[in-house]
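Here is a short briefing on one protein model. Please look over the sequence and the structure, then read the points by topic.

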Amino acid sequence: MNQWSLLPIELLNLIEESLDLYHDKVRLRCICSSWRSCLLKMPNHKQHQLPWLLLPHSVGTSCAFFDSLEKKVHKVELPEAGEKVFKGSAYGWVVVAEKSGAIFLLNPLTRNKIKLPPRSKFPDVRKYRADKVGYEYLIWIYGAVLAPGRYQSHDATHVLNHLLRKVILSSSPTSMDFVAVALYGEYGHLAYCKRGDKKWSLIDNKFPTCDDIIFHEGQLYALKCNGQLMVCEIDSCPKPIVTEVAPAYPRIQGGDMYLVGSSSGLMMVRRCIHVDRCSISNKEIYTSKTLSFMIFKLEWK
Amino acid sequence: MKFCTVKQYFDDENNNNVTNGIATTVIPLPNKHLKIKANNKEMEQYEQELLRNVMPQELTKLILAANYLNFKEALDFFCRTVANAIQNKSVDYVRKFFGLESDFEPGEEEKLCKEFAWSFEGVDED
């Protein structure tokens with residue numbers, strides 16, 4: 001009698017956990033039907049594994065991922081993500097936004113989908129009409145220094161490409177209490193939603209605007225465009241509280257700002273770019289070139 | 001702490017969980033483990049030796065014995081040994097290693113191959 005077929009489930013899982021490569025875990029589930037049913041449907045995402053990089057310019061319904069560990073490109077069919085833009089990724093899932101306004105989490109390997117409230121349910125949307133082609137959204141544009149706030153119509157493509165920058169997750173979507181946080185609008189405002197929510201709720205829409213957001217060690221941080229670092233308490237009553245953690249930093253002209261988390265702490269990265277403008281056939285062409293990166297580490301005093 | 005189950009083993013008259021041969025391999029392991037804990041290379045060599053001298057079927061007995069003896073370090077070591085032995089190998093190779101046969105329905109296995117085509121590429125030569 002083959003002893004391996006009698007191996008208790010917990011020991012089979014222990015062997016599976018000892019496998020480093022994701023592919024090996026998938027192949028282990030293709031050995032025989034009883035192992036396939038004993039092991040979890042898909043392997044748990046191991047946090048320390050090198051991530052797959054989603055390559056731009058996907059063709060048709062297939063997406064290409066670069067596996068940095070095995071130095072290979074994997075093509076994965078994703079018919080679920082039609083005319084889509086990827087707005088973020090975490091814990092083995094990608095955040096997909098569609099022209100229709102739908103926003104959902106998609107696991108490229110298991111094909112599971114988790115719906116989030118659509119773009120039309122964000123705090124800045126006054127009205128949404130799917131049939132008003134070219135003017136689907138009526139959006140509140142917040143006032144800047146010399147201009148008052150106003151309503152403006154936007155078409156769905158513009159909203160998809162420019163008015164939803166990024167979505168991050170507090171934890172794996174498989175956990176019941178994950179929170180999705182979005183950086184949206186022309187001026188980088190913040191909203192969140194929890195599992196089961198029908199709409200996105202406002203966290204912060206105060207100037208200066210946010211350039212990046214990150215969950216780091218269980219806390220939500222937002223980086224303002226002047227270098228000010230804020231921490232956001234979503235669960236405060238009656239509404240989320242946003243407090244300063246680090247003051248504004250003198251800003252270098254023309255920089256993009258990012259927040260990066262690592263085991264040694266939170267870091268701010270500035271990408272210094274140089275923008276060139278030229279005219280070709282009466283059209284203004286802007287090209288930008290990255291000159292350097294500056295990395296700042298957050299010091300807790 | 002490591003050997004709390006050992007006493008129970010020797011007390012039980014009819015103990016089928018751990019045969020003598022396996023106990024000989026598992027019980028000396030803690031000493032070796034402690035001695036060469038800092039030296040990963042020697043541990044690798046010991047692993048290679050184990051794989052050469054011990055048939056895969058025996059490995060499962062080692063795992064079951066280590067589990068029964070509640071010997072976590074040995075259990076982790078044997079599971080890692082198995083994992084390393086099947087790393088980046090094809091499904092057929094892994095089946096042969098475990099002495100198992102495919103019992104999928106005819107269409108089912110094809111469906112799996114198609115759905116997970118990306119994970120069947122680039123395996124080591126058998």
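Does Asn282(A) count as buried or exposed? Asn282(A) counts as exposed, because its relative accessibility is 81% and the cut-off for exposed is over 50%. Keep in mind that this is a predicted model.

**Backbone points to look at**

- Most residues other than glycine have a negative phi, and most peptide bonds are trans.
- Asn282(A) is not a glycine, yet its phi is positive, at about 65°. Look for Asn282(A) in the loop between β20 (265–280) and β21 (283–297) of chain A.
- Asn88(B) also is not a glycine and has a positive phi, of about 55°. Its place is the loop between α6 and α7 of chain B.
- Asn88(B) counts as buried, because its relative accessibility is 14% and buried means under 20%.
- The peptide bond from Phe207(A) to Pro208(A) is cis, with omega near -10°. Pro208(A) sits in the loop between β14 (201–204) and β15 (210–216) of chain A.
- Cys237(A) and Pro238(A) are joined by a cis peptide bond, with omega about -5°. The loop between β17 (229–233) and β18 (241–246) of chain A holds Pro238(A).

**Nonpolar cores**

- The largest nonpolar core has 50 residues. Trp4(A), Trp35(A), Leu59(B), Ile63(B), Phe78(B) and Phe98(B) touch the most other members.
- Helix α6 (residues 72–85) of chain B gives the largest share of this core, eight residues.
- Domain 1 (1–87) and domain 2 (88–126) of chain B both give residues to this core, so the core lies between them.
- Leaving out residues up to four places away in sequence, Trp35(A) touches Trp4(A), Leu12(A), Leu28(A), Phe98(B) and Leu100(B).

**Where the chains meet**

- The size of an interface is often given as the accessible area lost when the parts come together.
- Here chain B and chain A bury about 3,200 Å² between them. Carbon and sulfur atoms carry 66% of that area.
- In chain B, Phe98(B), Leu100(B) and Trp118(B) lose the most area to chain A. Together they make up 22% of what that side buries.
- Chain B brings 37 residues to the contact, and chain A brings 33 residues.
- Between chain B and chain A there are zero salt bridges. There are seven residue pairs in polar contact, with both residues at pLDDT 80 or more.
- On the side of chain B that touches chain A, α5 (56–68), α6 and α7 (91–98) of chain B each give two or more residues. The largest share of that side, eight residues, comes from α5(B).

**Salt bridges**

- The whole structure has 13 salt bridges over all chains.
- Lys25(A) and Glu16(A) form a salt bridge at 3.9 Å, N to O. Both Lys25(A) and Glu16(A) are buried. Glu16(A), Lys25(A) and Arg29(A) are linked in a network of salt bridges.
- Lys166(A) and Asp212(A) meet in a salt bridge at 2.6 Å, N to O. Lys166(A) is in strand β11 (residues 164–169) of chain A and Asp212(A) is in strand β15 of chain A, 46 residues apart.
- Lys166(A) counts as partly exposed at 26% relative accessibility, whereas Asp212(A) counts as buried at 3%.
- Asp256(A) and Arg271(A) form a salt bridge at 3.2 Å, N to O. Asp256(A) lies in strand β19 (residues 255–262) of chain A and Arg271(A) in strand β20 of chain A, so the pair ties together parts 15 residues apart in sequence.

Technical notes
Residues numbered from 1 in each chain as written. Chains lettered and ligands numbered in written order. Predicted model: local features only at pLDDT ≥ 70, side-chain atom pairs only at ≥ 80, totals over all residues. Heavy atoms only, no water. Core = buried A, V, L, I, M, F, W, Y, C linked by side-chain atoms within 4.5 Å. Buried < 20%, exposed > 50% of the residue type's maximum accessible area, 1.4 Å probe, protein only. Helix = DSSP H or I, 4+ residues; strand = E, 2+ residues; numbered from the N terminus. Domains from an automatic or database assignment. Contact = heavy atoms within 4.5 Å. Buried area = accessible area lost by both parts, 1.4 Å probe. Salt bridge = Lys/Arg side-chain N within 4 Å of Asp/Glu carboxyl O. Polar contact = N/O pair within 3.5 Å; in protein donor to acceptor, adjacent residues only side chain to side chain.
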